[in-house]
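Please look over the sequence and the 3D structure shown below before reading the briefing that follows. The points are grouped by topic.

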Amino acid sequence: MPTYTITELAREFDITPRAIRFYEDQGLLSPKREGAGGRTRVYSAGERTRLKLTLRGKRLGLSLSEIKALVDMYESPKDTAPQLKRFLAVLSQHRETLERQREDIEVTLAEIAAHEEECRRLLSGEKPLKATEKKAAARKLKDAA
């Protein structure tokens, strides 16, 4: 069975050895220790897979505790149906969070666009918009986005 050093994994996944040690501290990885005083970390193929899943979870925006729970499920010899259901639940919850964030971002961008438009109007010497006109302009910009 192949083994890997921390340097090999860091290079392969384009992360720092420090990041890998952090994941160890969080309980996501637990390499064997060899050499004088156990200073040399040796990662198994399973540890490499755990690291790969951890990084995939981070790209999806999952928290380390969510990632750990999901990765730990794959270590158990249980049926995969509960694991997949749990993964779907985590993904669904994360999707809802991202959708809310996207809505917030769209509202904020529309407000910024309205302020930019008002500044341009004022710089060109036009009169300031009335409050009702500002709201209408903001709605128009939001709808266009």
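Is Thr-54 buried or exposed in this predicted model? Thr-54 is buried, because its relative accessible area is 1%, where buried means under 20% relative accessible area, exposed means over 50% and partly exposed lies in between, with a 1.4 Å probe and protein chains only. The model is predicted, so local features need pLDDT of at least 70 and side-chain atom pairs count only at pLDDT 80 or more, while totals for chains, interfaces and linings use all residues. Residues are numbered from 1 along each chain as its sequence is written, and side-chain values use heavy atoms, with hydrogens and water left out.

**Helix H1 and what follows it**

- Helix H1 covers residues 6-13, and its buried residues are Ile-6, Leu-9, Ala-10 and Phe-13; helices here are DSSP runs of H or I with at least four residues, strands are runs of E with at least two, and both are numbered from the N terminus.
- Seen down the axis of H1, these buried residues fall within an arc of 100°, so they line one face of the helix, the arc being that of the directions from the helix axis to the C-beta atoms.
- The buried residues of H1 pack against strand E1 (3-4), helix H2 (17-25), strand E3 (40-44) and H3, with contact meaning heavy atoms within 4.5 Å.
- Asp-14 follows H1 and lies in the loop between H1 and H2, where it is exposed, with a relative accessible area of 71%.
- Although Asp-14 is not a glycine, its phi is positive, at about 55°.
- Most residues other than glycine have a negative phi.

**How H1 packs on H2**

- H1 and H2 pack at an angle of about 110°, with their axes 9 Å apart; axes are lines fitted to C-alpha atoms, for helices over the stretch in contact, and angles run from 0 to 180 degrees between N-to-C directions.
- That angle makes H1 roughly perpendicular to H2, since angles of 65 to 115 degrees count as roughly perpendicular, those under 35 as roughly parallel, those over 145 as roughly antiparallel and the rest as oblique.
- In this contact, Ile-6, Leu-9 and Ala-10 of H1 meet Pro-17, Ile-20 and Arg-21 of H2.
- The residues of the contact divide into 5 nonpolar, no polar and 1 charged, where Ala, Val, Leu, Ile, Met, Phe, Trp, Tyr, Cys and Pro count as nonpolar, Asp, Glu, Lys and Arg as charged, and the others, Gly among them, as polar.

**How H3 packs on H4**

- Helix H3 (residues 45-60) and helix H4 (residues 64-75) pack at an angle of about 140°, with their axes 10 Å apart, which makes H3 oblique to H4.
- H3 passes H4 in a right-handed crossing; a crossing is right-handed if the near helix is turned clockwise from the far one by less than a right angle, and left-handed if anticlockwise.
- On the H3 side, Arg-50, Leu-53, Thr-54, Gly-57 and Lys-58 meet Leu-64, Ile-67, Val-71, Asp-72 and Glu-75 in H4, and by class this contact has 4 nonpolar, 2 polar and 4 charged residues.

- Thr-54 lies in helix H3 and, leaving aside its neighbours within four places in sequence, is in contact with Tyr-23, Leu-28 and Ile-67.
- Arg-50 is also placed in H3 and is buried, with a relative accessible area of 7%; not counting residues up to four places away in sequence, Arg-50 touches Gly-27, Leu-28, Leu-29, Val-71, Asp-72 and Glu-75.
- Leu-51 is another residue of H3, buried with a relative accessible area of 0%, and beyond four places in sequence it touches Leu-9, Phe-13, Ile-15, Ile-20, Tyr-23 and Leu-29.
- Glu-47, also in H3, is buried with a relative accessible area of 10%, and beyond four places in sequence it touches Leu-28, Leu-29, Ser-30 and Pro-31.

**Separations along the chain and in space**

- Glu-47 and Leu-129 are 82 residues apart in sequence, and their C-alpha atoms are 61 Å apart in space.
- Ala-69, in helix H4, is partly exposed with a relative accessible area of 32%, and its C-alpha atom is separated by 9.4 Å from that of Arg-86, 17 residues apart along the chain.
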